[in-house]
Every structure is written in structure tokens, then in C-alpha cells.
Amino acid sequence: MTPAAPAQATEPVADGVAALAVEGVSHSFGARRALENVAFTVHPGEFAVLLGLNGAGKTTLFSLVTRLYHNRSGAIRIFGSDVRKKPSRALAQIGVVFQQPTIDLDLSVSQNLRYHAALHGMSRRAAAERLEVELGRLDMAERADDKVRRLSGGQRRRVEIARALMHGPRLLLLDEPTVGLDIRARQAILDHVRRLCREEGLAVLWATHLIDEVGGHDRVVVLHEGRVLAFGGVADVIRGAGAATIIEAFTTLTGKDGT
Amino acid sequence: MIRGKRGRVVEPMTGRRLGGARGLVFAAVLGFGIAGAQAAGAVTVYVSNEKDNTISVIDGETLKVTATVPVGQRPRGIILSRDKTRLYICASDSNHIEVLDLATLKITRTLPSGPDPELFVLHPDGNRLYVANEDDNMVTVIDLEKGTVIAEVPVGVEPEGMGLSPDGKILVTTSETTNMAHFIDTGTYKVVDSVLVDTRPRVAEFTRDGKYVWVSSEIGGTVSVIDARTRKVVEKITFGIAGIRSEAIQPVGVRITGDGKLAFVALGPANRVAVIDAERFAVRKYLLVGQRVWQLAFSPDESKLFTTNGVSKDVSVIDVKRLKVVKSITVGRFPWGIVVK
Amino acid sequence: MTAVHYLRCLRGIVVREALRFLHQRGRFIAALVRPLVWLFIFAAGFRSVLGVSIIPPYETYVLYEVYITPGLIGMIQLFNGMQSSLSMVYDREMGSMKTLLVSPLPRWYLLTCKLLAGVAVSILQVYAFLIVAAFWEIDAPVWGYVSLLPALVLSGLMLGALGMLLSSVIKQLENFAGVMNFVIFPMFFASSTLYPLWKIKESSLLLYNICAFNPFTHAVEMIRFALYGQVNTFSSLYVLASLALFLGLAIYGYDPGRGLIARRGEPAG
């Protein structure tokens, strides 16, 4: 558990307000302890990877950040707004791509996006504009009227990302977004989101168990069995674990062989 | 009903005490009655209640009972006088006819009728009353002015139905047991013809143009249409209602609209009134009314048809134009005869 | 978040429900065929007059088909409420419920919008049914169809809220059929749909009490009176109270704090 000095290789840190600040969050499901005193921050322009094996508690954490259930201890703040005290303000600034696909298979791409826009109180005109922009960025513009059922896995994921960005959030949460996709699709999505991070100053929290998705200049939060074992810039974490690569660092920290 | 100056109608209340719900209705009507009577026009329905020995008076606009008048024993057939100021009532068990003054709602005189009068019909001249005496197989003719019996005509067993041709020349009386419709010349009192119909004929009704006589057969379950000139049965109308046993279909009362287009037949325990296209003799539909529907009467403008439902103790009101049953009004026990003025 | 945002959200949710309903044409046909079968086939076997009394709001004797029509309207809304419930459980399993719940608008509002969307769909089904029934001369006064609308909204909300409450309690899609058997059939049969309450009272006081307690009975009576332009005050209030109860419990069920979603947990990840 190394308190990391927030060091960013590219963008300068915008005035201290963290995009996402998790402080002392614990959570149990009955007897099972899912999270134990989790704490970390993500700043605007940072690409933070939440690295952990299956069952580490990544999805539970996401559920708490997106207020699917309440955190009973600690605090979760989105750009300063506590998710429990000011949920409306907090949620308006997050875009989420869940691990489980949450898109309506029977509706078209644009119908799905417009539904999401309406849920965020956007006017139809604003929705139409954003729709064009987001789908264009993901090269999905020509598929706007296709039923989602007919798209491939990779395309559906891209639609979900476009959807998550419709209302212009400054924090993007993605829970295992590349699961089930082939290498090319995975890389495409990863590149796209990193670009958003760089060019738009978006804060990104990318949860995954695939260590090879961690980039050299990212921030990383190592989550294992509900505990944060390390948090900071990738280089710092590697050094702190006395390892040479992130894989080694992970193995050392968790005492397990993570692949 | 009294027609005051300028033809405005005033309905004097009898002030009779009525108990229970009907009392409340009566009190409410009293409140509206004075104001409403002016607007109500002159549509009033009179119903004879066979077991209660009363006549119920119903306001034809508000469709509420406004009075209940005690009369003689077992009142059955009722008829309005030609000037519509009096109601003649067959008081069967009292063996006479009672005359009810409709303005005062009091019995003013009684007339001889022969024994057990059930049904009667009034000659167009307004003076001669032809009464069917059920037990004595007779038709008694009464002079209303003099109050005396003019003639007694022997007919078939158990006469009931009485139909008078519009010109008053031919009287048709049905005989329940011999299943006949007897055509009687009213001038000579001779039976000029007898037509066989189906079992237990009850009612004989002429069409307004005098061309046909409709005779209902209660047990036979049919209505025979007889050509008045040739005196032959030209059509026999049968009835069938899904889900109702054919034995329950017992046609009794028959009424035909003045233009001869629609005929209505009460079907007794089938609890329905059949609506018949009178030109094609085809049944159009069945209207659900109360239990054991017996007799029918049109309002003067034929916009409404009122039925007496013997077992359910009420009168059903049918909107003739829309062919829908609008309401059912509770009266006395076993309502039998009905007239509307 | 201003009023405009709220309205846009409502519109979005209603549009989505409408689109889903239109895509499932089979559902619409089934929703229409079900009450029609009851009306024409079942009622045809009961052609006698309903006892000796005239039941308010009717002013004369009515055929059995006319009597059960309000009950069949209630049936359409009951099934629709349960169908919405099923969709919600499905959404939860399939993930689209999350899309709804991460909206910044208050959760009680989102759930209420979903409820309203479901009611709108059920109202369409009811009028479609009434149009078909009218062709068979089972109709009501013209203004009755208009005065029916508020009653439909109220009863639709109550039954939809009941469905929502059930969906928050049901863990899995497979359990749905079992729960429905415990809900739909008792609610439907122990009510004034098929027989007037005074007739039930004659045979069993206990059954009569159950029927009088059943909120579905009151929904049906409210609809019956509304179809003739009258208001059955007691039944309407009973439905309103039931609606408040069910909706309150449903919102409680979906509340992230106490939430039953929390207690059941998510797939480990």
C-alpha cells in the first residue's frame, strides 16, 4: 500500500479536485467481505487501470460508485460530489460501461442512444448531435439504424462506449470492456479510450484482469480479495514491488500467478 | 292529470303515505313533481299488480313510481277510456270492472262484467267494452254509458286474448284450451270464422292497418300471423335463444308499431322481448328484461316500450329507437297489465 | 435537473416501452385474445340472468357478458402489470435495468415513469378490447368510454406497482411462473369479476371477506362504475391506498440503501 505521488506523464494535473475519490470503502454481502477499506483517486486526464483477478471485487466497487447500491462505510466522491449525499450531481458526470452488456438487443443503435440521452434529460436535438459525434468517433455512424442484435460483440461494445459518452461525462468507468472480444477489437477499443483520455481530458477507470492492457504511463490500482495492494503510477508500483515488469509486480504483491 | 289553462299540466299528488324506499322516491318526486310535472308532458304508465291488488302509477319521463292505488281483487287487464281520463280495470276475483278516475286516482264506479273478467278491449266508439270471461267461456259486451250488459257471446274454452280490428267490425278472441282464434262479427255477435293456431293462444293483436292479426301461442312457443281478410295463417314465427331451453320461450304479449315495421313479443320465462321485423316476419334481436315478462305497452309516441315482468316485480323500459333496455322499475307483486297515456 | 429534464426522461422511458411492446406483436395479440376468449366462450355458457337483483351501476337486467366486461378489463391490466414485472426481472438479468438506474434522476421518479409507461400500454390494450366487444353489442354509453380513462389510469398504476413490487422480490426469471400462479389466479377468481359479491356472500362468508379485501375487486368495481359515468368512491379510495402501499414497497425494494438488490448480490467479479 504505497501512497502514490500523483505524477502524470502527459497532462498537468488540473486543480486538485479528483474526478473520482474513493475513501475507506468497505462492503459485505452477508458474511462475505467483498471490499476492505478501499481508497484511491483518479484525476482528469488520467487513465487508471483497476487491476485484479476475477472475484477481487472490481464489479462490487463499480456497483458502489454507480450507486446501484449504497456504500455503508467510507465515501465516494465524483468531482467533489458525494455519491450518497448528492447522487444526482455525481451520476450526471459518470459514463459507465458495465461488464454485463446492458444494451437493448431489440432496438436499433440510435434508439438505444436516444433512450440513454432521455434518461439524462437531454433534448432530442442535443441527443441527435451527440449521437452523430460519438458514433462517428467510433466508426459506427453507418450502423446507426441497425438493430443491435445484428452487430458483432466488438461493435456492441463500441456502441456501449458511445452511449456512455452521450451526455458528455468527464469520468468514464469501464468494467472489463474487452471480455470476449478478439485481439483486434480489444486493441481498437483500448486505443480509442486512451485517445479520449488524452485529447478530451477524460478521467478513465478501466477495470480488467488482463495485465497486458496496462500501459506504461497509466495509473494502476491493484485490487486483490477486496484490498488495494498498490496504487500509483505504473512505474512507481513496479518499483515499489521490487519487480521489473508489471506482471512480476502483480505476482509479487498478490502472491499468485496472474495471467 | 288535469289540464289547466293554456294546456299546462298539473299533477295533483294523492298524498298517500308510502313506506320505505318507495316513500323516499315519492318524497323526492314530490319535490321535483311540481316543477317537473310541467316539463314532464303527459306520459304516465299504469300497471296492475295482480297479487298486491293495486295499480302502480309511473311517471314516463323520470321513470319513477309516483303513486300506488289500492283497487279491487286480482286486477289484471287494464284499458284507458277513449278520452284517457279514466282507467278500466278487470278486477278478476271481485268479478267486476272498476273505473279509476285518473285525476283523483279514486275508483268512481264499478261495472258488471260477467264472472272472472281477465282481459278486455274497447270499441273505437269508446262505449262498448268486450270482456273475456275466463271461467265461463264467454265474451261479455258492456255499454259503458248505461253500465249494462248488452250481450253475452259463447266462445271456445278459456277465452283470453281480445283483438279488435281498427274499424271495430271484427273481434278476435283466442281460446286457450281449444287453441283457436275466433273471428266474431261485432254487429251480429256471430262467430264468422275459427282459425287453428298453436297450443295455448294468449294474445290477439291487429296491425294498425287492419291487415293482419298476430296471435301468440304460449305453450306452442310461436306467434301466428293471420291474414285478416282470408283468415288464413300466413306466417308462423318461431323463436330461438342460445342457451335458453325452448320450453322456457312462452310468447304472451304482442305489440306492433303503428307503421307496421316492428313487432315486439314478450317471451315469458325466457325473460326476453323479441324484436321482429314485421314486414319480413324475421326476428331481429332479443332484449333482456326482468323475469317472466308478460305484457307490453308503447308510449303514445312509440319511443318507449314498457314491459311487465311478473316474477321480478318490475317494469322494464325499452328505448325503441336504439332497441336497448334502459331501466327496470320496481312496482308491486306480479305486475300484469300495462297501459301508457 | 429541472422540470424539462424530468419530462424528457418520462418521454424517453415511455417511448422505449412502446417500442418494445410494438416489437412483441405476439404479446399484443395474446393480450387481446385472452379476454375475448373469456367474453365469448366462457360467458356464453352462463347466459342466464344474474340472480334476481339489479346490481348498481346497472339500472336494468344485464347479460352476463356485460357483467364480466369490467372484470376482463381488469384482467388485461393485471396481466399487463405482471408482464411489466416480468420485463423488469428480465431487464435486471439482462442488464438493461442498470441503464435505467444510473440515470441522475431520482430513483423513485424513474420507477414511477416505468410504471406510467406500462399503464399507457395497458390502456391501449383495454380500448382495443372494448372496440372489439362493441362490435358484438357489448358496449357502454359513449361518454362512459371517456369517463373510464381516469379509472384505467388508477387501476393500471396499482396493478403495475404490484408487478414492480413482485419484480423486486423475485430472484430469477425461472421463479416467475410460480409466483404468478400465486398472484394472478387468486386475485382474479376471488373478486367480483365472475360473480357479484352478494352471490358469493350467500355461499361463503369467508370467501366473501377475501374478495372484499382483494384490491382487484375494488379495481374492477371502480372500472364498472366509471364505464357508466359514475364514481364508486369507496373502491376508488381503496385502489388509491393499495397503489400507495405497493408503490412505496416497490421503491423500497429498489432503493440502493436497503435494497434487496444489495442483499442478493451480483455475480462475483
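This is a predicted model: local features need pLDDT of at least 70, side-chain atom pairs count only at pLDDT 80 or more; totals for chains, interfaces and linings use all residues.
Trp136(C) is out in the open: with a relative accessible area of 54%, the residue is exposed (exposed means over 50%, buried under 20% and partly exposed in between, using a 1.4 Å probe and protein chains only). Residues are numbered from 1 along each chain as its sequence is written, chains are lettered from A and ligands numbered from 1 in the order in which they are written, and side-chain values use heavy atoms, with hydrogens and water left out.

Over all chains, the search turns up 18 aromatic pairs. Here rings of Phe, Tyr and Trp (its six-membered ring) pair if their centres lie within 6.5 Å, and planes under 30 degrees apart count as stacked, over 60 as edge-to-face and the rest as tilted. In chain A, the ring centres of Phe47(A) and Trp206(A) are 5.7 Å apart with planes at 35°, so this pair is tilted. It ties together distant parts of the chain, 159 residues apart: Phe47(A) belongs to strand 3 (residues 47–51) and Trp206(A) to strand 8 (residues 203–208). (Helices, H or I with at least four residues, and strands, E with at least two, are DSSP runs numbered from the N terminus.) Both Phe47(A) and Trp206(A) are buried.

Back in chain C, Phe40(C) and Trp136(C) also make a tilted pair, because their centres are 5.0 Å apart and their planes at 50°. Phe40(C) sits in helix 2 (residues 25–42) and Trp136(C) in the loop between helix 5 and helix 6, 96 residues apart. Elsewhere, ring pairs join Trp38(C), Phe185(C), Phe188(C), Phe189(C) and Phe216(C) into a cluster.

Charges turn up over rings as well (NZ of Lys or CZ of Arg within 6 Å of the ring centre and within 35 degrees of the ring normal). Arg170(A) lies over the face of Phe79(A), 3.9 Å from the ring centre, and the charged end of Arg34(C) sits over the ring of Phe79(C), 3.8 Å from its centre.

Helix 3 of chain C gives the largest share, six residues.
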